[in-house]
Amino acid sequence: MIQMSLKSIMRELKELKDGIGNMSKRGDQSKLWRSRTRSHVAPDEAPLESQLSEQSPWANLPPELLLDIIQRVEESETAWPARAVVVFCAAVCRSWREITKEIVKTPEQCGRLTFPISLKQPGPRESPIQCYIRRDRTSSTFLLFYGLVPSEGESDKLLLAARKVRRATCTDFVISLVADDFSRASNTYVGKLRSNFLGTKFTVYDSQSPCDSRIQSTARPRRRFHSKQVSPRLPACNYIIGTVTYELNVLRTRGPRRMHCILHSIPVSAIQEGGTAPTPSALPQSLDEQLSPLHSSKGKEPIVDIISPSIQATPVFSPGSREPLALKNKAPRWHEQLQCWCLNFKGRVTVASVKNFQLVAAVEPSHNVSPEEQEKVVLQFGKIGKDIFTMDYRYPLSAFQAFAISLSCFDTKPACE
């Protein structure tokens with residue numbers, strides 16, 4: 001009976017998915033393209049909770065039965081796109097949403113990505129989460145997909161997207177949950193990466209503050225939102241959570257780039273025995289808001305920049321007395337027969353490139369970090385084809401942090417090569 005009920009619920013959820021898709025359609029080609037490029041981690045615009053309750057007869061199930069059903073669904077649908085059913089469970093009604101949030105574990109605990117907040121949470125400690133990046137030179141965009149390599153049907157799940165914006169004195173990589181909206185006024189904006197003039201130093205900005213971190217203010221804020229929004233649900237400012245620095249190659253010697261990362265939002269104690277990394281539990285809009293209808297987006301209203309002298313912005317995260325985590329690129333070895341620098345990417349990188357790198361912890365003996373932890377690659381990035389790159393990350397980095405660090409490779413660095 002339970003098995004039959006589970007099958008019925010799966011049918012209901014698929015019908016609910018189709019209903020949500022129909023409600024969000026606009027009937028033109030641009031919307032069809034948008035639906036393909038929209039992040040599959042987050043559901044599309046959901047109908048009102050009352051409408052969902054009327055559509056599904058499962059909204060008033062006893063809590064014990066509901067808990068058992070959602071547990072079965074979560075355990076059975078471990079891979080995307082089938083795992084979208086777990087997200088649909090959270091979209092049925094408030095009771096389903098709360099139980100789904102209680103059941104679904106963080107990537108560090110289960111090694112899977114489910115809700116949008118998963119992209120801001122640390123990856124698993126043992127096996128890395130494997131992704132790839134597709135670069136589009138014509139639109140200056142970079143799409144991060146979940147998977148080993150691109151699939152033939154182009155049905156891979158989009159995690160994050162970034163657009164490269166060149167300015168007079170710097171370059172910005174604006175990071176979003178979707179591939180067609182890079183406005184800071186959008187609720188899909190998650191952060192950005194900014195370079196200096198030479199392209200040797202990059203600053204990572206997050207749209208929200210990591211957990212249990214002290215904020216050191218450095219500037220005034222700039223808030224951007226649509227003119228008719230009286231109380232915009234947007235981050236008041238960006239938070240500096242890390243920097244990526246490339247060493248200058250003054251002598252113009254041949255060899256790989258040397259890079260260093262300082263992650264202000266992650267203490268070095270996170271990689272010590274028994275240590276933990278900050279794990280946010282919700283995006284700037286809570287999951288309740290993420291799964292409810294957003295304000296109407298039929299007409300794009302003008303974006304207004306407001307500088308408020310009363311609120312300070314661009315804060316730098318300082319974990320108090322805790323020292324921030326530092327990463328360095330793993331030194332490659334020179335291969336005499338191949339006459340090139342080599343690293344063991346375990347088959348995940350197939351094309352030689354100056355962009356290829358592996359990051360490990362840069363620690364001192366006083367940090368009491370085990371040798372095994374010091375040798376563990378927390379992020380590796382490399383080329384596998386024209387405009388296709390793999391990106392594998394693990395604890396203590398999140399997908400967002402790993403993506404931002406990897407984007408720094410795509411900026412021109414004549415002084416470092």
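Biologist: Where does P396 lie?
Modeller: P396 lies in the loop between β18 (388–393) and α10 (399–407). Helices (H or I, at least four residues) and strands (E, at least two) are DSSP runs, numbered from the N terminus. Keep in mind that this is a predicted model: local features need pLDDT of at least 70, side-chain atom pairs count only at pLDDT 80 or more, and totals for chains, interfaces and linings use all residues. Residues are numbered from 1 along each chain as its sequence is written, and side-chain values use heavy atoms, with hydrogens and water left out.

Biologist: Is P396 buried or exposed?
Modeller: P396 is buried, with a relative accessible area of 2%. Buried means under 20% relative accessible area, exposed over 50%, and partly exposed in between (1.4 Å probe, protein chains only).

Biologist: What is P396 in contact with?
Modeller: Leaving out neighbours within four places in sequence, the contacts of P396 are P122, I266, I271, A277, L325, V378 and Q401. Contact here means heavy atoms within 4.5 Å. Then there's G123: P396 and G123 are 273 residues apart in sequence, with their C-alpha atoms 6.3 Å apart in space.

Biologist: And α10, why is it largely enclosed by the rest of the structure?
Modeller: Because nine of the nine residues of α10 are buried. They are A399, F400, Q401, A402, F403, A404, I405, S406 and L407.

Biologist: How many residues does the largest nonpolar core have?
Modeller: The largest nonpolar core has 74 residues, and those with the most contacts inside it are L379, M391, F403 and I405. At least three residues come from each of domain 1 (59–104) and domain 2 (117–210 + 236–269 + 323–416). A nonpolar core is a set of buried Ala, Val, Leu, Ile, Met, Phe, Trp, Tyr and Cys residues joined through side-chain atoms within 4.5 Å, and the domain bounds come from an automatic or database domain assignment.

Biologist: What does L379 touch?  Which residues is it in contact with?
Modeller: Skipping neighbours within four places in sequence, L379 is in contact with F357, Q358, L359, M391, D392, Y393, L397, A402, I405 and S406. Apart from the largest core lies another core, of 10 residues, among them Y132, F145, V174 and F182.

Biologist: Switching to charges: how many salt bridges does the structure hold?
Modeller: The structure holds 13 salt bridges. A salt bridge is a side-chain nitrogen of Lys or Arg within 4 Å of a carboxyl oxygen of Asp or Glu. Side chains of opposite charge can pair when their charged atoms come close.

Biologist: What does D206 form a salt bridge with?
Modeller: D206 pairs with K120, and the closest N and O atoms are 2.7 Å apart. The pair links distant parts of the chain: D206 is in strand β6 (residues 201–206), while K120 is in the loop between α7 (107–110) and β1 (129–136), 86 residues apart. D206 is buried, at 6% relative accessible area, and K120 counts as buried at 7%.

Biologist: Which side chains meet D172 in salt bridges?
Modeller: R167 meets D172 at 2.9 Å, N to O, and R194 meets D172 at 2.7 Å, N to O. R194 in strand β5 (residues 189–195) and D172 in strand β4 (residues 171–176) are 22 residues apart, so that pair links distant parts of the chain. D172 counts as buried at 1% relative accessibility, R167 as partly exposed at 45%, and R194 as partly exposed at 28%. Elsewhere, E74, R83 and R112 are linked in a network of salt bridges.

Biologist: Now the outside. Is T169 buried or exposed?
Modeller: T169 is exposed, with a relative accessible area of 56%. T169 lies in the loop between β3 (157–166) and β4, and leaving aside neighbours within four places in sequence, T169 is in contact with N196 and F197.

Biologist: And the whole chain, how many helices and strands?
Modeller: The secondary structure of the protein chain comes to 10 helices and 18 strands. Of the 417 residues of the protein chain, 51% count as buried.
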